[in-house]
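I am opening a notebook on this chain, and I will write down what I look up in the order in which I look it up.

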Amino acid sequence: MHKEDFQKCNADHCCYIKRYQSSYIILLLYVDDMLVAGSNMDDIRRLKEQLSKEFDMKDLGQAKKILGMQITRDKHKVQGYVDADFGGEVDRCKSTTGYIFTVGNTTVSWMLQLQKIVALSTTEAEYVAVTEASKEMIWLQGWDSSKRIMYCTVTVKVQYTWQRI
């Protein structure tokens, strides 16, 4: 990605950003999955064309699901979804946290990782996940220098149902 003048994000090493004079592209890589977000569709199309010349890739259109999480869009606010399993990593009994944030049609942040603690209940695992997602939301609000992000909806999956908080 450095060859294409993308800069690796300090906060997340799977995130690359390329700034143009009046636009930007954010590229998120996870193993063999890629999400592309940006402020100019022409720049995104050019990037996809360039990458398809170098890599065997398939454009699946707008992201509807990533890492088992459903993506919905609302053009007026940040949408955040967070979930956790309880003790899913059996060797160390650690839970997994996953979250994704979108603004309108664009995914702006996502993460999936083992929790740093051993949760003693499903409730504790969910609280840890919500805490991590909340920290990311605070970071996202600081990242948006124009402060257009007015409020956020975070949805938490509990007992296999999505509940909005």
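**Entry 1: the chain as a whole**

I began with contacts, and I noted that among those with a separation of 6 or more in the chain, 42% join residues 24 or more positions apart. I remind myself that I am reading a predicted model. I then looked up the secondary structure, which comes to two helices and 11 strands, and I wrote down the order from the N terminus as β-β-β-β-α-β-β-β-β-β-α-β-β. For burial, I found that 37% of the 165 residues in the chain are buried. The chain exposes about 10,600 Å², and I noted that carbon and sulfur atoms supply 51% of that area.

**Entry 2: the nonpolar cores**

Which residues have the most contacts inside the largest nonpolar core? I found Val82, Tyr99, Phe101, Ala133, Met137 and Leu140, in a core of 14 residues. Two or more residues of this core come from each of strand S7 (78-84), strand S8 (96-103), strand S9 (106-114) and H2, and H2 gives the most, with six residues. I also found another core lying apart from it, with 12 residues, and Cys9, Cys15, Ile26 and Ala37 are among them. I keep a general remark beside this entry: in soluble globular proteins, nonpolar side chains tend to be buried together.

I looked up the charged pairs next, and the structure holds five salt bridges. In general, side chains of opposite charge can pair when their charged atoms come close. Asp42 forms one of these bridges with Arg45, and the closest N and O atoms are 3.1 Å apart. Both residues lie in helix H1 (residues 41-54), three residues apart, which is about one turn of the helix. Asp42 is partly exposed, with a relative accessible area of 44%, and Arg45 is partly exposed as well, with 43%.

Glu132 forms a salt bridge with Lys135, with the closest N and O atoms 3.0 Å apart. Glu132 is partly exposed at a relative accessible area of 24%, and Lys135 is partly exposed at 47%.

Glu136 also lies in helix H2, and I gave this residue a note of its own. Glu136 is buried yet has no salt bridge. How far away is the nearest side chain of opposite charge? That side chain belongs to Lys135, and I noted a distance of 9.0 Å. Leaving aside neighbours within four places in sequence, I found Glu136 in contact with Tyr99, Phe101 and Ser109.

**Entry 3: a buried threonine**

I then looked up Thr107, which is found in strand S9. Thr107 has 7% relative accessibility, so I counted this residue as buried. Which residues is Thr107 in contact with, leaving aside its neighbours within four places in sequence? My list for Thr107 reads Leu28, Leu35, Ala37, Ile71, Ile100, Phe101 and Thr102.

**Entry 4: a patch on the surface**

Last, I turned to the surface, where Met34, Phe55 and Met57 form a nonpolar patch with about 260 Å² of accessible area together. Met57 has its place in the loop between H1 and strand S5 (65-66), and at 31% relative accessibility Met57 counts as partly exposed. I also looked up Asp33, which lies in strand S4 (residues 33-38) and is partly exposed, with a relative accessible area of 36%. Asp33 and Met57 are 24 residues apart along the chain, and I noted a separation of 9.7 Å between their C-alpha atoms.

Conventions
Residues are numbered from 1 along each chain as its sequence is written. This is a predicted model: local features need pLDDT of at least 70, side-chain atom pairs count only at pLDDT 80 or more; totals for chains, interfaces and linings use all residues. Side-chain values use heavy atoms; hydrogens and water are left out. A salt bridge is a side-chain nitrogen of Lys or Arg within 4 Å of a carboxyl oxygen of Asp or Glu. Helices (H or I, at least four residues) and strands (E, at least two) are DSSP runs, numbered from the N terminus. Buried means under 20% relative accessible area, exposed over 50%, partly exposed in between (1.4 Å probe, protein chains only). Patches are made of residues with over 30% relative accessible area and no salt bridge: like charges are joined within 9 Å, nonpolar side chains (Val, Leu, Ile, Met, Phe, Trp, Tyr) within 5 Å. Accessible areas come from the Shrake-Rupley method with a 1.4 Å probe; for residues, only the protein chains shown count as cover. Contact means heavy atoms within 4.5 Å. A nonpolar core is a set of buried Ala, Val, Leu, Ile, Met, Phe, Trp, Tyr and Cys residues joined through side-chain atoms within 4.5 Å. Lys and Arg count as positive and Asp and Glu as negative; His and the chain ends are not counted.
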